[in-house]
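Here is a short walk through one structure. Keep the view open as you read.

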Amino acid sequence: MSEKKIISEFVEKASMVSAIVHGVTGMEDALEKTIQICREKLPCENLMPADSNSSGKKNLAAPNMDEFHYGKLQMLCEKHGITLIKEGVRNFPGGIDMGVTMMDYGIAETGTLVLNSDSEETRLATMLCETHVAIVDKAHIRKTALEMSDELNEMTVKPSSYTAFITGASRTADIERVLALGVHGPLELHIMLIEGD
Amino acid sequence: MIEKKESLKEYKDRLDTALENDFLRTAMDNFAVAYRTSRRNAFSEMDVDAVIRDVAAVKADAVKNNEHLLDQFSKKAVENGIQVHMAETAKDANRIIAQIAEQTHSKKIVKSKSMTAEEIHLNQWLENEGIEVTETDLGEWIVQLRKEGPSHMVMPAIHLSRYQVADLFTDVTKVAQDAEIEKLVKVARRQLRKKYIEADMGITGANYVIAQTGTLGIATNEGNARLVSTLPRVHVALVGIDKLLPTIKEALTINRILPRNATGQAITSYVTWITGPSECKTAPEQKREMHIVFLDNGRKKMAQDPVFAQVLQCVRCGACANVCPVYRMVGGHQLGHIYIGAIGLITTYFFHGRQNAKHLVQNCTNCGACKAVCAGGIDLPKLIKEIHAKIQDEEGHPLKSLLLGKVLKNRKLFHTLLKTASIAQKPVTAGTPYLRHLPMIFSKEHNFRILPAITQKPFRDRFKTLYTPVKKPSCKIALFSGCVQDFVYPEQLEAAMKLFKQANVSVEFPFDQSCCGLPALMMGEKDAAKDVGLQNIKAFKKQGVDYIVTLCASCASHLKNHVPDLVKNYAPEDAAEFSEKVMVFSQFIRRIIGIDHIKPTTFPRKTAFHSPCHLCRGLGIANDPKKVIAQSGHDYIKTDEEETCCGFGGSFSANFPSVSKEILNKKLMDVENSGADLLVTECPGCVMQLRGGALKKNQKIDVRHISEIIQS
Ligand code: SF4
Ligand code: SF4
């Protein structure tokens, strides 16, 4: 299967589970789109008003981004009045507006994203947010999970590791088998496909 | 949770109540129909049988190496800083977990869904210790609040309506809640978020336990297991030792199939791989305290058992319930104790004792639908019968089945009884071929179908006048009649004799043949089934024929699939030769003598086909009867439920008439809706059930054996 085909299968399968896939020209474009989505979304519904430390501003956590792009994101956030969180996501138990994470791999067969979540911040950013923006390098999309079992083995062999497969938003069909999104985790998943360098 | 001893009568009452629950009936039915399609779609890009074989092989290997894997995992986990505990019994597991809670001063616990925790009744135990336990999977939380057990292994609250959930949530939140699913889900989101934050300890199960790396794999759609294993400072994973696998490769192989088979989903929203203890910023040294409690609870012994070891190949996908005709009628609480569906009928005996298993295990039509979809490749119907027999061996056989076994073992006695019965029933049949008033042994509830009478002159007494030996035969067969055609529907065999004559087939009818033995097996009389199996092998051995042909799919499937196994310690070679030769009628026509001997009718009718369970699944035959129908000149109409059980199942319909009736109604409605007025099948038991039901309800459906619709 050519790389193009793998990517189109990834997009198709991810879309089938209601992920929203964006083609972007590069990392900067991805960050701008991310901010735009954050600005357009409804403000986060605080699930624990009693524990609120909210400033009334929208908040966005980007725990695993390299320093250069984190800096860019910070500038964008400041410009649009969004609070950027790098650490202490746990202090927002009632939820945050957005979690942005750099993904390690994509899996075409199921439209799945693979994320090294060893850090608690990364884990919580993808769980406590209402909208999850996942940025993944096209070159890191594999055909099937089985075909990348070596890479997965490498990730999971490390003591204290926590590896996540994420496919679409948090969902349930537990009441009358009717699908509903966002039962515990994100209500929406956006995927930005970037061209690696 | 049903913990008291329940009588058979009480169990049947519970079934009847379920059958009257309209919401449950509709929900179950919609699910059964929808599941069929979603499963088909989910596997459309792969060879489903091949991938399921892979999973079964992976699991079978893992079961064989269980001890070694457990060792390997434990070493690795301890190296990684996880505390590993081994619980021999359910009690031990509960005690260990309660102790961990005490030592870690955990007062509040959140849980993600775990059938293993349900198995040991963990919640009750911890609650008795004064600990607050909250289920976080939406369905589990709902049933927990209702103080019920799950009614499906994957969809615990499938038996409830949105209105029931709204009422429940109104009670819990003390605020009136709308019966809108979207909003109800948000109520759970809000209510449960607090619980995660407050919890000291999180308890999860695991779908995969990887020995090589000491990793747990957990699949969820809601993402609750991620929060449960991330927010609290202590994580306890409770896992059955049957979840152990060598490497992540095997886990990925199963994970590719499990969600597809469970709900028709390609993958669950989240699959989490934890090689813990993971970072936790509120814990000392920023590391979560992590424990793994391995549950044995009889599994080690099971792994050594030549018959039941395969039970451990189960991956808990729930598919065996999804396709079960009984589950479709009565729902999960009535078809399982904790584990639901076919696998529940088996494991209840091992995990929750004979008392809870003994009625349950009989509630199976032996249709084989579960086996056909089982992701673990388990021969579920066979094991259900094994458990049935085991329980009878332990508790003593009921008189009814004991007598049946005794009678069947003695062919002459059996046939004399049948002949006497044909006279005795005269007054009750009022000279008609149908039993207008059922004999005393049948209670009123069997009245849902009109049963036929026993014939005055069985086929065995007619054979000699029907058959003239042929010269230069095209092939030599021996006919296996089965009791129902011999003694109730000889006309079906007579019709076949005409075709045999036309095709110049030499036919033998061994008079020492007896019942195939399936009814005995169905009633848990394994020994009698073995005896008649041996008698039949002997009766056919001398014939020197090419094929043994039967017009009964159930007999064919039993003779081919069960008899060799039943007699394996007595006559393995003879049994292999015998079963090798067995062929069912339509298969024999199409593959041996050719369908050209059949002349198309000049009065074609709209014809539906009921594929007997033992034909399509037992023998894997789908096309042969259709080709025969096509050649007969009738217009075949495909029906949605063509391969769904008719609810007969031999003694099943006598033991659970109300369930049998509803399965039958469903079937006949489907035929009626198709517009067909002729319903063809290839098993006299199915004819009895379907024709009797159609007559009783005055439906204009003419039910025929396939031999009766062909002209030669
Ligand atoms: S054989 Fe049929 S009736 Fe029995 S458990 Fe399996 S699916 Fe259900
Ligand atoms: S027995 Fe088979 S079908 Fe049933 S839950 Fe287990 S793996 Fe799935």
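In what follows, Ala, Val, Leu, Ile, Met, Phe, Trp, Tyr, Cys and Pro count as nonpolar; Asp, Glu, Lys and Arg count as charged; the others, Gly among them, count as polar. The model is predicted.

Start with ligand 1. The shell around ligand 1 holds 8 nonpolar residues, 3 polar ones and no charged ones. The residues around ligand 1 come from chain B, including B:Cys324, B:Cys364, B:Cys367 and B:Cys370. B:Pro325, B:Val326, B:Thr365 and B:Asn366 are also among them. Ligand 1 sits in the second largest cavity.

Now turn to ligand 2. Around ligand 2 there are 14 residues. B:Cys314, B:Cys317, B:Gly318, B:Cys320 and B:Cys374 come nearest. By class, this shell has 11 nonpolar, 2 polar and 1 charged residues.

Next, step back to the domains. Chain B is assigned domain 1 (80-300), domain 2 (424-593) and domain 3 (595-709). The C-alpha centres of domain 1 and domain 3 of chain B lie 45 Å apart.

What lies between these two domains? The largest nonpolar core has 139 residues. Inside this core, A:Phe165, B:Phe169 and B:Val659 have the most contacts. Domain 1 and domain 3 of chain B both give residues to this core, so the core lies between them. Apart from it lies another core, of 88 residues, including B:Leu551, B:Ile593, B:Leu615 and B:Cys646.

Beyond its neighbours within four places in sequence, B:Val659 is in contact with B:Leu15, B:Leu19, B:Val326, B:Met329, B:Val330 and B:Phe652. B:Val326 is also one of the residues around ligand 1.

Methods: Residues are numbered from 1 along each chain as its sequence is written. Chains are lettered from A and ligands numbered from 1 in the order in which they are written. This is a predicted model: local features need pLDDT of at least 70, side-chain atom pairs count only at pLDDT 80 or more; totals for chains, interfaces and linings use all residues. Side-chain values use heavy atoms; hydrogens and water are left out. A residue is near a molecule or strand if one of its heavy atoms lies within 4 Å of it. On a 1 Å grid over the protein atoms alone, a cavity is a set of points where a 1.4 Å probe fits but cannot get out, and a pocket is an open set with protein on both sides within 12 Å along at least five of seven lines; lining residues have an atom within 4 Å of a point. A molecule sits in a cavity or pocket if more than half of its atoms lie within 2 Å of its grid points. Domain bounds come from an automatic or database domain assignment. A nonpolar core is a set of buried Ala, Val, Leu, Ile, Met, Phe, Trp, Tyr and Cys residues joined through side-chain atoms within 4.5 Å. Buried means under 20% relative accessible area, exposed over 50%, partly exposed in between (1.4 Å probe, protein chains only). Contact means heavy atoms within 4.5 Å.
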